[in-house]
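Trainee: I have not looked at this one before. Can we go through it by question and answer?

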Amino acid sequence: MSIAENITKVRKQIREAAQAFSREPAKIHLLAVSKTKPASAIREAYACQITDFGENYLQEALTKQQELNDLKLTWHFIGPIQSNKTKLVAENFTWVHSVDRLKIAERLSSQRPEYLPDLNICLQVNISNEDSKSGCAPEQLVELARQVSQLPRLKLRGLMAIPAPCDDYAEQQHNFAQVRQLLEQIIIELNLPLDTLSMGMTHDLQAAVAQGSTWLRIGTAIFGERQYNN
Ligand SMILES: *Cc1c(COP(=O)(O)O)cnc(C)c1O
């Protein structure tokens, strides 16, 4: 299937999930995860009115941004961030979904150029994924949110999670429900206007919509399988 056909199919899945769970379709955004895929694939998606792209690897992303600088795209950084790479992330992205510690947020804050709008931030929380080194522990999340929300040049928007892959729909829902509850807790305890849940990938899109996802990060269902597993 072509990328255009894939996008039609994904949009239909999102529409149907929105309807099934009484979600407002306008609040469910599609982030096309283009890691490992060439600039030409992004052009195909853009031709279908996809404007938001997620990348995990900084150098790969910067190369594609150069190749595509004739298009008006919004770039989201969704991969692990090393502290020596924060400057390039702060300069070249509109969103960062994968902030999981204060040091990274402080660096992004001080390195975000004055001429750009505030950098949109999601805090990555480690739900269910014991093996993953990425993500803030749920117990430490409120304190991290409090500190990040006070940093200039950043706009804290909400939470991101990558639960351990699982095929069980009830378990998927359970994991995403925890993320949603953490967001609600932060909103209440810190009185912050957070509006973002970045959750749901190709294999668990429906459960994520059911639990309030506002950014679905979809790679495989749009661009096909990746050559290597990441
Ligand atoms: C690769 C990746 C995705 C997309 O995963 P698919 O299963 O291909 O849809 C989403 N989010 C993150 C953080 C990723 O690294």
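**Fold and surface**

Mentor: Among contacts in the chain between residues at least 6 apart in sequence, 60% join residues at least 24 apart. Keep in mind that this is a predicted model.

Trainee: How many helices and strands are in the chain?

Mentor: Both kinds of element are present in the chain. The count is nine helices and eight strands.

Trainee: Why is the chain said to be as compact as a globular protein of its length?

Mentor: The globule rule gives 17 Å for 230 residues. The chain is as compact as a globular protein of that length because its own radius of gyration is close to that, at 17 Å. Along the principal axes, its C-alpha atoms fill a box of roughly 45 × 40 × 35 Å.

Trainee: What percentage of the 230 residues count as buried?

Mentor: A residue is buried if its relative accessible area is under 20%. The chain as a whole exposes about 11300 Å², with carbon and sulfur atoms supplying 49% of it. The buried part of the 230 residues is 52%.

Trainee: Is Ser109 buried or exposed?

Mentor: Ser109 lies in helix α5, residues 102-111. Leaving aside neighbours within four places in sequence, it is in contact with Leu151, Pro152, Arg153 and Leu154. Its relative accessible area is 6%, under the 20% limit, so Ser109 is buried.

Trainee: Which elements are included in the cover over the buried residues of α5?

Mentor: The buried residues in α5 are Ile104, Ala105, Leu108, Ser109 and Gln111. Their cover includes helices and strands, namely α4 (86-92), β4 (95-99), β5 (119-124), α6 (141-149) and β6 (154-160).

Trainee: And Ile188, buried or exposed?

Mentor: Ile188 is found in helix α7, residues 169-190. Its C-alpha atom is separated by 14 Å from that of Ser149, 39 residues apart along the chain. The limit for exposed is over 50%. At 69% relative accessibility, Ile188 is therefore exposed.

Trainee: What is phi of Arg153 near?

Mentor: Most residues other than glycine have a negative phi. Arg153 is found in the loop between α6 and β6, and is buried, with a relative accessible area of 17%. Its phi is positive, near 70°.

Trainee: What is phi of Asn191 near?

Mentor: Asn191 is found in the loop between α7 and β7 (196-198). At 66% relative accessibility, Asn191 counts as exposed. Its phi is also a positive value in a residue other than glycine, near 55°.

**The ligand**

Trainee: Which residues come nearest to the ligand?

Mentor: There are 13 residues around the ligand. By class, that shell has five nonpolar, five polar and three charged residues. Those that come nearest are Lys35, Asn56, Thr202, Thr220 and Arg226.

Trainee: How much of the ligand's area does the protein bury?

Mentor: Start with the atom pairs: a polar side-chain atom of Asn56 lies 2.7 Å from an oxygen atom of the ligand, and a backbone N or O atom of Gly219 lies 2.8 Å from an oxygen atom of the ligand. In the side chain of Arg217, an N or O atom is 2.9 Å from a nitrogen atom of the ligand. Taken alone the ligand exposes 390 Å², and the share of that buried by the protein is 91%.

Terms used:
Residues are numbered from 1 along each chain as its sequence is written. This is a predicted model: local features need pLDDT of at least 70, side-chain atom pairs count only at pLDDT 80 or more; totals for chains, interfaces and linings use all residues. Side-chain values use heavy atoms; hydrogens and water are left out. A residue is near a molecule or strand if one of its heavy atoms lies within 4 Å of it. A polar contact is a pair of N or O atoms within 3.5 Å; within protein, one must be able to donate a hydrogen and the other to accept it, and residues adjacent in sequence count only if both atoms are side-chain atoms. Accessible areas come from the Shrake-Rupley method with a 1.4 Å probe; for residues, only the protein chains shown count as cover. Ala, Val, Leu, Ile, Met, Phe, Trp, Tyr, Cys and Pro count as nonpolar, Asp, Glu, Lys and Arg as charged, and the others, Gly among them, as polar. Helices (H or I, at least four residues) and strands (E, at least two) are DSSP runs, numbered from the N terminus. The radius of gyration is taken over C-alpha atoms; the globule rule is 2.2 Å times the number of residues to the power 0.38. Buried means under 20% relative accessible area, exposed over 50%, partly exposed in between (1.4 Å probe, protein chains only). Contact means heavy atoms within 4.5 Å.
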